[in-house]
Amino acid sequence: MTLLDGRVVIVTGGGRGLGRDHCLELARQGARVVVDDVGIALGGEGAGENIPAEGVVEEIRQMGGDAVAEFTSVSDWAGMAALVQRTVGRWGRLDAIVNNAGIVRDRMITSLDETDWDAVIDVHLKGTFTLTKHACAYWRTQAKDGLAVSGRIVNTTSGAGLFGNLGQSPYVAAKAGIAALTITTALEMARYGVTANAISPIALTRMTAGSIMVGREQVDGWDPMDPANASPVVAWMCSEASGWLTGSVLRVEGDSIVRVNPWSIDERTRVRSTTGQRLEAQEIDLGLRRGLGVFPQGAR
C-alpha cells in the first residue's frame, strides 16, 4: 500500500517544472491526479500549442496511474469552482490541492506597469486563494454533513517572498501573501479536518533560471537543485499522515527540509519611552541605534 492510495489531488500549474514533478510523485504514491495547466508562457502570455498537462497525464498513465488533464485558469473564480465540482463528480471525492501555478514579470519597481503587477498577483495570490476557497467550501460541507474529512492544502511560496529580492516586487508580494494566507487558512479550517501548509523550494526551474539560481552542481549524479526534490514533501503533505502539521512553511533545500518561522518580535531591539508613556520622536533615533547595535560615535 502506498502513501496516497485512493486519494484525489488537484495540482495547478501541473504541466511543467515543479508542478509536473509533483504530479508524477503523487501518482507514484497512489493518488489520482488532476493536472491543471493552461500552457501559458512564463510571463503569462498566450497558450501553448502542445498543452503540457496532456503530456503529464500520458506519463502517469504509462506508469499505471490515473490522471486527467484540465485547462482552467487559476484566476477564474467560476472556473475553479467548476473544476472542484468536476473532480468530485469524476472520482467522488477531493482530498488535497497543490497550489503551484505561477508566472513572473521581473522588472525593477520603476519599470513595472500596472498590467505587470496585476498579472502576477492574479495568478499567484488570487489563483491560490480561488482554488483554496472552493476546495474549502466542499470540505466544510462534507464536515457539516458528518463525514470524515482529511483535506490537505499545499501552497507554494519562495525565498523571495519570505526574504525579498531585487526586481521581483509583484512576485515577492504575492509569495509573501501566500505564506500569510496559508497561516490564516490553517486557523480557519482546522475545525473541519483541513490542514494548510506551504513549501519554499530551492530549485532550478524556468521561473528561477537567470535569477539567483546559478552554479548547478551535481553530487554523485544527484542534482540538489532538481525541482523533483520538493515533490516527496508535497506528497507527504497531501497524505492523511500529515494531519498533525498545519500553518507551517517548510523550506526544501536539496536533501533536507527546515521550517521557516513567520515574522517574530525581536525583543532585543525594543525601544522604550523614558517617561513610561508614548515615545517622543526625538527618542526614536538613538533608541533604535542602541537596539540595533548601531551606536553613533560618542553616544551615551
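Biologist: What does the side chain of Arg7 reach, and at what distance?

Modeller: The backbone oxygen of Ser150, at 2.7 Å. Bear in mind that this is a predicted model.

Biologist: Noted. Where does Arg7 lie?

Modeller: In the segment before β1, and that strand covers 8–12.

Biologist: Is Arg7 buried or exposed?

Modeller: Arg7 is buried, with a relative accessible area of 2%. Buried means under 20%, so Arg7 falls in that class.

Biologist: How far apart are the closest N and O atoms of Arg93 and Asp95?

Modeller: They are 2.8 Å apart, and the pair forms a salt bridge.

Biologist: And accessibility: what are the values for Arg93 and Asp95?

Modeller: Arg93 has a relative accessible area of 33%, so it counts as partly exposed. Asp95 is at 6%, which means buried.

Biologist: On to β1. Which backbone nitrogens does the Thr12 side chain reach?

Modeller: One is the backbone nitrogen of Asn100, at 2.9 Å. Another is that of Ala101, at 3.1 Å. Thr12 itself is found in strand β1.

Biologist: Is Thr12 buried or exposed?

Modeller: Buried, at 2% relative accessibility.

Biologist: Back to salt bridges. How many does the structure hold?

Modeller: Twelve. One of them joins the side chains of Arg20 and Glu59, at 2.8 Å from N to O.

Biologist: Which parts does that pair tie together?

Modeller: Arg20 lies in helix α1, residues 17–28, and Glu59 in helix α2, residues 52–62. The pair therefore ties together parts that are 39 residues apart in sequence.

Biologist: Which residue forms a salt bridge with Glu253?

Modeller: Arg251, with the closest N and O atoms 2.6 Å apart. Glu253 is partly exposed, at 35% relative accessibility.

Biologist: Change of topic: surface charge. Which residues gather in the patch of positive charge?

Modeller: Lys133, Arg140, Lys144 and Arg191 gather there, on the surface.

Biologist: Where does Lys144 lie?

Modeller: In helix α4, which spans residues 114–144. Lys144 counts as exposed, at 54% relative accessibility. Exposed means over 50%, so Lys144 passes that cut-off.

Biologist: And Lys175, buried or exposed?

Modeller: Lys175 counts as buried, at 3% relative accessibility. Its place is helix α6, residues 169–189.

Biologist: How far is Lys175 from Gly159, in sequence and in space?

Modeller: They are 16 residues apart in sequence. In space they are 8.6 Å apart, C-alpha to C-alpha.

Biologist: Last topic. Which residues form the nonpolar patch on the surface?

Modeller: Leu279, Ile284, Leu288, Leu292 and Val294. Together they have about 410 Å² of accessible area.

Biologist: Where is Val294 found?

Modeller: In the segment after α8, the helix at 281–291.

Biologist: How accessible is Val294?

Modeller: Val294 is at 46% relative accessibility, so it counts as partly exposed.

How values were computed: Residues are numbered from 1 along each chain as its sequence is written. This is a predicted model: local features need pLDDT of at least 70, side-chain atom pairs count only at pLDDT 80 or more; totals for chains, interfaces and linings use all residues. Side-chain values use heavy atoms; hydrogens and water are left out. Patches are made of residues with over 30% relative accessible area and no salt bridge: like charges are joined within 9 Å, nonpolar side chains (Val, Leu, Ile, Met, Phe, Trp, Tyr) within 5 Å. Accessible areas come from the Shrake-Rupley method with a 1.4 Å probe; for residues, only the protein chains shown count as cover. A salt bridge is a side-chain nitrogen of Lys or Arg within 4 Å of a carboxyl oxygen of Asp or Glu. Lys and Arg count as positive and Asp and Glu as negative; His and the chain ends are not counted. The place of a charge is taken as NZ of Lys, CZ of Arg, CG of Asp or CD of Glu. Helices (H or I, at least four residues) and strands (E, at least two) are DSSP runs, numbered from the N terminus. Buried means under 20% relative accessible area, exposed over 50%, partly exposed in between (1.4 Å probe, protein chains only). A polar contact is a pair of N or O atoms within 3.5 Å; within protein, one must be able to donate a hydrogen and the other to accept it, and residues adjacent in sequence count only if both atoms are side-chain atoms.
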